[in-house]
Amino acid sequence: DKGSQSVVLIQSFQGGKVLRYGSGAVLTADGLIITTNNVVPQGADVVQVFLGDKVIRGKVAKRDFQYNLSLLKIPDTDKPIINLAQSPLNVGDINYIVGKYIDVNKTMLFSQQSLVSRKKRDFVILDSRYENDLSGSVLINKKGEVTGIIFIDGSKVLAVESEIIKGFFESFAAAKTNEQK
């Protein structure tokens, strides 16, 4: 429940048609949202973020193609922010994939148990049921900490660990600080 309150639904459009959809999570109170490039591909001309009963336009603030990550910027939000886990995932860890989807014009939360089956240098392979709407969902441990963000590669369910997300965000924040100087 803790981590799920920060999860948002995201839709990207191109030429007025839905291009992709998936989830993301509120990273900062000033409106930064972490998701994957799968959810907001480069060809998207409009990005919508569903925050409760509000739909807000978002803008891609930064991309990382190596790790398939995107930071979206929206106006300040009162949604809770995610708590990134400090410790890495281990093979055999059980976590929960949490995301959102649309059902008859209403956003709905989903959760799915997942087992870390393998670790590679850049990502984690999960033993989890494949679903189209998993991209951008968060991987949450039993403490409510976000341990990763989900993306799909073929029919594999993969996760980028929280340590990489933290580094991606810190590089964005450092660049913003340097711009303001």
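**Salt bridges**

Across the whole structure, a search finds 3 salt bridges, a salt bridge being a side-chain nitrogen of Lys or Arg within 4 Å of a carboxyl oxygen of Asp or Glu. This is a predicted model, in which local features need pLDDT of at least 70 and side-chain atom pairs count only at pLDDT 80 or more, while totals for chains, interfaces and linings use all residues. Residues are numbered from 1 along each chain as its sequence is written, and side-chain values use heavy atoms, with hydrogens and water left out.

Select E161 and K119 to begin. Their closest N and O atoms are 3.2 Å apart, and the two residues form a salt bridge. This pair links distant parts of the chain, 42 residues apart: E161 belongs to strand β12 (residues 156-161) and K119 to strand β8 (residues 106-119). Strands are DSSP runs of E with at least two residues, numbered from the N terminus. E161 is buried at 14% relative accessibility, whereas K119 is partly exposed at 36%; buried means under 20% relative accessible area, exposed over 50%, and partly exposed in between (1.4 Å probe, protein chains only).

Next, select R129 and E131, whose side chains meet in a salt bridge with an N to O distance of 2.8 Å. R129 is exposed, at 53%, and E131 is partly exposed, at 30%.

Then move to R121 and D122, a salt bridge in which the closest N and O atoms are 3.6 Å apart. R121 has a relative accessibility of 74% and counts as exposed.

**A lysine in strand β7**

Select K100, which lies in strand β7 (residues 94-103). Is K100 buried or exposed? With a relative accessible area of 11%, K100 is buried. Display its neighbours: leaving aside residues up to four places away in sequence, K100 touches V7, V8, L9, G22, S23, K79, T107, M108, L109 and F110, where contact means heavy atoms within 4.5 Å. For V7, show the backbone as well: its oxygen lies 3.3 Å from a polar atom of the K100 side chain.

**An isoleucine in strand β5**

Finally, select I56 in strand β5 (residues 54-64). I56 counts as buried, at 18% relative accessibility. Beyond residues up to four places away in sequence, I56 touches V47, Q48, V49, L51, I74 and P75. A C-alpha to C-alpha distance drawn from I56 to P75 spans 8.3 Å, although 19 residues separate them in sequence.

Definitions and conventions. Helices (H or I, at least four residues) and strands (E, at least two) are DSSP runs, numbered from the N terminus. A polar contact is a pair of N or O atoms within 3.5 Å; within protein, one must be able to donate a hydrogen and the other to accept it, and residues adjacent in sequence count only if both atoms are side-chain atoms.
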